[in-house]
Amino acid sequence: MKRRWTLYDPRLAWMLVAPVLLLLIFFLVLPIAVMAAYTFFTFVTAGVETSALTTANWHEFFTDSYYSGFLLKTLRVGAITALLCGVLGYFPAYFIWATTFRHKWLLLLLLIVPFWISFTIRTFSWINILGEQGVINVALLKMGVINEPLPMLYNEGAVILGMLHFLLPYMILNVYVSLESIDRTLISAARSMGCTSAQAFREVTLPLSLPGLAAGLLLCFVLAAGSYVTPQLLGAGRDALFGNLIYDTIMGELNWPMGATLSIVLFLVLGFFAAVYTRYMGMSQIVKGLGG
Amino acid sequence: MKAARRKQEGRWAWRLTGFVTVCVYIFMFAPIAATVILSFNASMFGGFPMTGFSLQWYGKLMANEAVLAAFRTSLWIALVTAVVTTAIGVTTAFALVRFDFRGKQALSTLVILPALVPETILGVGLLVLIKAVDQPRTMLLLVLGHILLAVPYVVLIAQARMIGIRRVYEEAALSLGASRLSSFREITLPLLIPAVAGGALLAFTISFDNTSASLFWRPAGVETMPTQILSMLKISISPEINALGTVMILVTVGIPLVGGLILQSLTKLRRRGEPKEETQ
């Protein structure tokens, strides 16, 4: 006999989540599982591999310093970018939170606008600033400060700058959300007990905003370390990051087993950082920062 | 004396904060402004100095078949993505907020993963999967991929709104004899409208902007707007690209801004005479 449907029947819930669940299974879980299996496949020649199991890909990854060098560089660039984002992003977040400016919404809107502008466009627009015919070089040449255009593009600095540009709004919004949730009476309380504003900031505001800062750091680190477009457009070949290595291995060399191995490595390494973070901070802050 | 000095320090700290804030905002918008300005440059080269005002690059853009085709492709993909993602995302958020079922926690974590896993990994994963089952890359695959990338944001936005809607409204409708579907349609959905619209707009822009994953997933010979820009950039930056960038900025910033304004005036009209909404 069929069970009667209750008001909040779990069966109905499953029907409601079914499309998203199927999508997640077939486009997220299954691909990563198959990719994990692919890391043990044998590479024959470009575009061809057999399902004869081998550990050759992993062996190559662990023994060839080419790969570990790439990984370390990617993590270093990601960490530098995240830290710079943290330092530079905290000020605007604090300013927007603390300001008595009437049109605060405008400052917040301006932070969201970059999310609407194509990421590719935001990235290549730096060529107009840093390039040989960019604002800086043309201005400096005109003023006679330099005789030759400065080579500011196509290096690691430009890559970090470009990533900073696209990650700062994430950081500012994360810190802002966390500042917004602070009970402001706590700060008044600290002040009335004799704290200076600097002490109140150090003892109350800063510690209470750390969850947002941590969520922002994780998000910026993961997104920077996984980026592909920015190093492609603003870096030279040797400034490529792990994402570019994966792309070239698959789309260029057509070495699918190795490409899968590299993807799984990046997935595991970034997943490790995310897991350490959630172990201590939980998921809720990330959820808030992403728009929840 | 000491107190006065401290006050002074506080003021300087606040000024520094303001100064850094202004710098960060300039940093975020200066390159975009430079691109927009350069798109009107009469010069042959995509760079400064400005040699005169001209709209020729926009004209050239309008005559560029490859660009127009890519634009149409991206527009269609983004529209389908926005509609489908909103539909399935909102029902998922509804289930996650209203219902209790086993695995709910796991699902709400799983659903944000596409936003956290780097696109390169998602891109390669899906390609490896379809290679394993020997399927070609199709438009459908690309669209479903975009939906996957947009789902977390739509679910999160709808969930945040859903939590604020009291379930007694729906239950009142049900107890008065409405069916589940009509209670959702008549009560819940209208209250969710801001989240639905916001989610749809975001899904649209996510799809329209997507670059890295699209490079992996697009069928052979198909270019979306961002991949088209990327392949044009391989040659060099030209005024035409600046013009294209400006058009894209107008589209992707204009649509949400106008949409948001319309929505705001609609809710204002609606709010009149209605009691203030309470939260759970």
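I started at A:Tyr154, which counts as partly exposed because it has 18 C-beta neighbours inside 10 Å. My cut-offs, with C-beta atoms placed from the backbone, are these: 20 or more other C-beta atoms within 10 Å make a residue buried, 12 or fewer make it exposed, and partly exposed lies in between. A note on the source: this is a predicted model, where local features need pLDDT of at least 70, side-chain atom pairs count only at pLDDT 80 or more, and totals for chains, interfaces and linings use all residues. Residues are numbered from 1 along each chain as its sequence is written, while chains are lettered from A and ligands numbered from 1 in the order in which they are written.

Entry 1: I found A:Tyr154 in the loop between helix H7 (135-143) and helix H8 (156-180) of chain A. I read helices (H or I, at least four residues) and strands (E, at least two) as DSSP runs, numbered from the N terminus. The phi of A:Tyr154 is positive, about 55 degrees, although the residue is not a glycine. Most residues other than glycine have a negative phi. I then looked up B:Asp134, also not a glycine, and its phi is positive at about 60 degrees. B:Asp134 sits in the loop between helix H6 (119-132) and helix H7 (139-163) of chain B. With 6 other C-beta atoms within 10 Å, B:Asp134 is exposed.

**Entry 2: a helix pair.** Next I checked how helix H3 (residues 65-98) of chain A packs with H8(A): the angle is about 45 degrees and the axes are 6 Å apart. Axes here are lines fitted to C-alpha atoms over the stretch in contact, and angles run from 0 to 180 degrees between N-to-C directions. H3(A) and H8(A) are therefore oblique to each other; under 35 degrees would be roughly parallel, over 145 roughly antiparallel, and 65 to 115 roughly perpendicular, with the rest oblique. By class, I noted 22 nonpolar, 3 polar and 2 charged residues in this contact. Ala, Val, Leu, Ile, Met, Phe, Trp, Tyr, Cys and Pro count as nonpolar, Asp, Glu, Lys and Arg as charged, and the others, Gly among them, as polar.

**Entry 3: where the chains meet.** I see 72 residues of chain A in contact with 80 residues of chain B, contact meaning C-beta atoms within 7 Å, placed from the backbone. Helix H1 (residues 10-38) of chain A gives the largest share of chain A's side, 18 residues. That side divides into 55 nonpolar, 16 polar and 1 charged.

**Entry 4: chain A overall.** I logged 14 helices and 2 strands in chain A. Buried residues make up 47% of its 292 residues.

Methods
Contact = placed C-beta atoms within 7 Å.
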